[in-house]
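Biologist: I would like to learn how to read pockets and cavities in a model. Can we go through one together?

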Amino acid sequence: MGVVAEVVRIVFLGPPGSGKGTQAALLADECGMPAISTGDMLRGAVTEGSDLGSRVEGVMASGDLVSDDLMAEVVGDRLAQADADNGFLLDGYPRTASQAETLAGILEAGSQTLDHVVFIDVPEETLVARALSRNRADDKEEVVRERLRVYREKTQPLVEYYRGLGLLREIDGDRRIGEVETSIRLALEGSD
Ligand code: AMP
């Protein structure tokens, strides 16, 4: 596919449970680029019991967002690693207007550009059902609803922001994994 041969920087945007992590990992495998999931990084820090982990554990358990300042450090460090030089797929960042500005600043400082924002949308009731069936510690129904509320309030406005920049590739995520994957490939090829 078109995106394999070039340097491509992609943000995956969508509500919690939309499957964006799965899709980012699938595409990353195919492109040979790193899928950078801030949720996975933070969960890893909690499991390790690192300083970062102890700072974010409570916030994550409540369904709220880690502070923009702390996330700027986490993402700035990660994108500075060599494997991100030739492109990346970002899953779970940015999640606020301030984070979108931070990302734009990081890219600008490296004379880099963002190529696509893949927005995977799924109806709320499907999201709740999916999250509860995953049965993770942070997937209790009240936490799931809180994460969705936070998403609507803080993250959803980024859809219009990136649409305005001409970067938004909108995908119906309420389908099987393979179908969603195919749609993403077509959307990326069609907007080269
Ligand atoms: P995720 O696996 O992407 O849904 O992330 C799990 C949790 O990690 C979120 O509910 C937040 O508490 C935290 N988190 C992950 N990414 C971010 C981010 N970009 N900004 C703030 N908090 C984040």
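Modeller: Start with the second largest pocket. H2, helix H7 (124-134) and helix H10 (177-190) each supply at least two residues of its lining. Keep in mind that this is a predicted model.

Biologist: Which residues line the second largest pocket?

Modeller: The lining consists of Gly 17, Ser 18, Gly 19, Thr 22, Gln 23, Arg 130, Arg 134, Gly 173, Arg 175, Ile 177 and Val 180. By class, that is 2 nonpolar, 6 polar and 3 charged residues. The space in the second largest pocket is about 150 Å³.

Biologist: How is empty space found in general?

Modeller: A probe the size of a water molecule is rolled over the atoms, and this shows where empty space remains. Here, the largest pocket holds about 680 Å³ of space. It has 35 lining residues, and those closest to its centre are Lys 20, Gly 39, Arg 43, Arg 95 and Arg 147.

Biologist: Which element gives the most to the lining of the largest pocket?

Modeller: H3 does, with 5 residues. Strand E1 (8-13), helix H2 (20-31), H3 and H8 each supply at least two. The lining of the largest pocket divides into 12 nonpolar, 13 polar and 10 charged residues.

Biologist: Where does the ligand sit?

Modeller: The ligand sits in the largest pocket. Its shell has 14 residues, and the closest are Thr 38, Asp 64, Gly 92, Gln 99 and Arg 147. Helix H3 (residues 38-48) provides the largest share of that shell, 4 residues. The shell's classes are 6 nonpolar, 4 polar and 4 charged.

Biologist: What lies 2.5 Å from an oxygen atom of the ligand?

Modeller: A polar side-chain atom of Arg 147 does. For Asp 64, a backbone N or O atom is 2.7 Å from a ligand oxygen. For Arg 43, an N or O atom in the side chain is 3.0 Å from an oxygen atom of the ligand. On its own the ligand has 470 Å² of accessible area, and the protein covers 95% of it.

Biologist: How do the residues of the cavity lining divide?

Modeller: Into 4 nonpolar, 1 polar and 1 charged. Note Arg 147: it lines the largest cavity, and Arg 147 is also among the residues closest to the ligand.

Conventions:
Residues numbered from 1 in each chain as written. Predicted model: local features only at pLDDT ≥ 70, side-chain atom pairs only at ≥ 80, totals over all residues. Heavy atoms only, no water. 1 Å grid on protein atoms, 1.4 Å probe; cavity = no way out; pocket = protein on both sides within 12 Å on 5 of 7 lines; lining within 4 Å. Nonpolar A, V, L, I, M, F, W, Y, C, P; charged D, E, K, R; others polar. Near = heavy atom within 4 Å. Polar contact = N/O pair within 3.5 Å; in protein donor to acceptor, adjacent residues only side chain to side chain. Areas by Shrake-Rupley, 256 points an atom, 1.4 Å probe, with all protein chains shown as cover. Sits in = over half its atoms within 2 Å of the grid points. Points joined across faces, edges and corners; volume = space filled by probe spheres on them.
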